[in-house]
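Here is a friendly walk through a two-chain model, written to be read with the structure open beside you. Please take a look at it first, and then follow along section by section.

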Amino acid sequence: MSRRFSWFNATSLTLGFVFLYLPILILVAYSFNQSKLVTVWAGFSTKWYGELFQNQAFMDAAIVTLKVAVVSSTIATILGTMAAYVLVRLGRFKGRTLFSGMIYAPLVVPDVIVGLSLLLLFISLGMGRGVTTIVLAHATFSMCYVSVVVSSRLVSFDQSLEEAALDLGCTPWDAFRSVTLPIIAPAVISGWLLAFTLSLDDLVIASFVSGPSATTLPMKIFSQVRLGLSPEINALSTIMIAIVTVGVVSSSLLNKRATVRRLRQEQDALKQS
Amino acid sequence: MFNPRRLFLILVPYSWLFFLFLVPFGIVLKISLSDAALSIPPYTPQFDPEGGWAAIRELFSGFDLENFIWLSEDNLYWKAYLSSVWIALVSVLLTLLVGYPIAYAMARSSEEWRPTLLMLVILPFWTSFLIRVYAWIGILGSNGYLNQLLLWSGVIDEPLVILNTNWAVYIGIVYTYLPFMVLPIYATLEKLDGDLLEAAEDLGCSRFQAFWLVTVPLSRPGIIAGCFLVFIPVVGEFVIPSLLGGSKTLMIGKILWDEFFSNRDWPVASAVAVVLLLILIIPIILFQRQQQRAQEAEQ
């Protein structure tokens, strides 16, 4: 559907992207503000970045958050890939409906309910609350996102490749490792990345299931932001936005290059034959 | 056929979700039927696993619908549920009005531009939700950038009060949930056959008529999906009303949070959660059906 591209479309795209990006750009610009008053410009300065790195509470929270995100997204990727494989490849079994329901439900249940219910579980088991409980909670809801991403890839690829490997004498595990896994690898990686960002981003569930011993970065930011604007938060946001932007842009460029390379290899192969 | 590998594959993710997703809901339901108490944990009756059948019977005799009756009698909760649904509906409409033209223009742009435009729509989604909401506090406040601009340009004489009202909540929701509306609509518009529009215009439709009679009905699956994707999470939203909303902004996610953290009334918080889930079950089922139908239509 590419016909006329009118001034109307140009305007709505421009306004749309201004709406999406202007607030972030303002936030970034004012992180370099000299003044403690966030909304009053008083000259360029990077002092809030210095203050941020001096702030031990923020640094500790950042470390806790990264630890939780790495561990929980790895667990979520393993479990989510297994769940996707079960749903797409293993056919019918007793309780399949309940299983697929449990995969899709966490995607739509509000965070406050997931957080509350997990907290009540941990308390009734007598578990101490801290990093472990946040990891368990994040792994649980992230695995559902991973399994949705991976299963869409599993559905779309040719199952006869797996069957051929089995016919040629592979064990099921070998067939999975040397045929299936390389094919679904891009989906598994983007599933991991999604789980990682979901964990970095989560405030509500972490606030419920965490104890006084573990504060994540979103929890720290939220308690600070409730008191009002703070130039340190602007600086912290700018760092986080920069990391995400570099990550997303470079991964999409890598993707593009990999596609180009594959096309070229295919052409070379055609020439040789 | 018994196959240990197959059993292992099914059992691991199954039991994980069973114990960490389904069982916790059972506990919420149980506590919502209990009474608040000054103990640790702060509710009664407690289950004593040593007591056997007698303990179980005692446990059940201690259950009642008191918390739900309390919810239905207290106006605050009714108002909060209704206003959550109302805020979600208004937000869906506003997000649709803002998102549709963007999705439309993206689908109309040249093919080489589309991946970049898509990335630009998705990129904010990867940055922290909390930070994107925080950005609006600086813009909408009475000393904020918007008021500074309007006062400076002479449009207004006194700063507008937007922050801590429902308007700020709407703006925050439209801003953060926009990709959820744009992406499904774009997906349906991209597949739309341009020849249909030409045919409509050849047959005497004006441009607007062709848009209204051909494009909009054909993009309906995307519109419906987008509306559900915004509506369902917004009903239980907590961060946006607590940072941008005011004391008059009643949303059930915030009530649940306060009931739990400030009042420490776990049974009432659990009852609020149960009712919230009941409210969401209908739209969730409708959404699933619609998705299934869309998938079948594609095949």
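Arg264(B) has its place in the loop between helix 13 and helix 14 (266–298) of chain B. Helices here are DSSP runs of H or I with at least four residues, strands are runs of E with at least two, and both are numbered from the N terminus. The model is a predicted one, in which local features need pLDDT of at least 70 and side-chain atom pairs count only at pLDDT 80 or more, while totals for chains, interfaces and linings use all residues. Residues are numbered from 1 along each chain as its sequence is written, with chains lettered from A and ligands numbered from 1 in the order in which they are written.

Although Arg264(B) is not a glycine, it has a positive phi of about 50°. Most residues other than glycine have a negative phi. Arg264(B) counts as partly exposed, with 13 C-beta neighbours inside 10 Å. For this term, C-beta atoms are placed from the backbone, and a residue is buried if 20 or more other C-beta atoms lie within 10 Å of its own, exposed if 12 or fewer, and partly exposed in between. Asn164(B), also not a glycine, has a positive phi of about 65°. You will find Asn164(B) in the loop between helix 7 (145–153) and helix 8 of chain B, where it is partly exposed, with 19 other C-beta atoms within 10 Å.

## Chain B as a whole

Chain B has 14 helices and 2 strands. Of its 299 residues, 41% are buried. Among the contacts in chain B with a separation of 6 or more, 71% are between residues 24 or more positions apart; two residues are in contact if their C-beta atoms, placed from the backbone, lie within 7 Å.

Why is helix 13 (residues 252–261) of chain B described as largely enclosed by the rest of the structure? It is because 8 of its 10 residues are buried. Those buried residues include Ile252(B), Ile255(B), Leu256(B) and Glu259(B). These four are also touched by Val272(B), which touches Leu71(B) as well, not counting residues up to four places away in sequence.

Val272(B) and Leu256(B) turn up again in the largest nonpolar core, which has 150 residues; together with Leu116(A), Ala103(B) and Trp136(B), they touch the most other members. A nonpolar core is a set of buried Ala, Val, Leu, Ile, Met, Phe, Trp, Tyr and Cys residues joined through C-beta atoms within 7 Å. Helix 8 (residues 166–190) of chain B provides the largest share of this core, 16 residues. At least three residues come from each of domain 1 (1–26) and domain 3 (68–298) of chain B, with domain bounds taken from an automatic or database domain assignment.

## Where the chains meet

In the interface, 70 residues of chain B are in contact with 58 residues of chain A. Helix 1 (residues 4–32) of chain B gives the most to the side of chain B that touches chain A, with 18 residues. That side divides into 53 nonpolar, 12 polar and 5 charged residues. Here Ala, Val, Leu, Ile, Met, Phe, Trp, Tyr, Cys and Pro count as nonpolar, Asp, Glu, Lys and Arg as charged, and the others, Gly among them, as polar.

Leu79(A), in helix 3 (residues 56–89) of chain A, is buried, with 21 C-beta neighbours inside 10 Å. Leu79(A) touches Val12(B), Pro13(B) and Trp16(B), along with Ala139(A) and Met143(A), not counting residues up to four places away in sequence.

## A helix crossing between chains

How do helix 1 (residues 7–29) of chain A and helix 6 (residues 129–140) of chain B cross? Their axes come within 9 Å and cross at roughly 80°, which means that helix 1 of chain A is roughly perpendicular to helix 6 of chain B. Axes are lines fitted to C-alpha atoms, for helices over the stretch in contact, and angles run from 0 to 180 degrees between N-to-C directions. Angles under 35 degrees count as roughly parallel, over 145 as roughly antiparallel, 65 to 115 as roughly perpendicular and the rest as oblique.

At this crossing, Pro23(A), Ile24(A), Ile26(A) and Leu27(A) meet Ala135(B), Trp136(B), Gly138(B) and Ile139(B).
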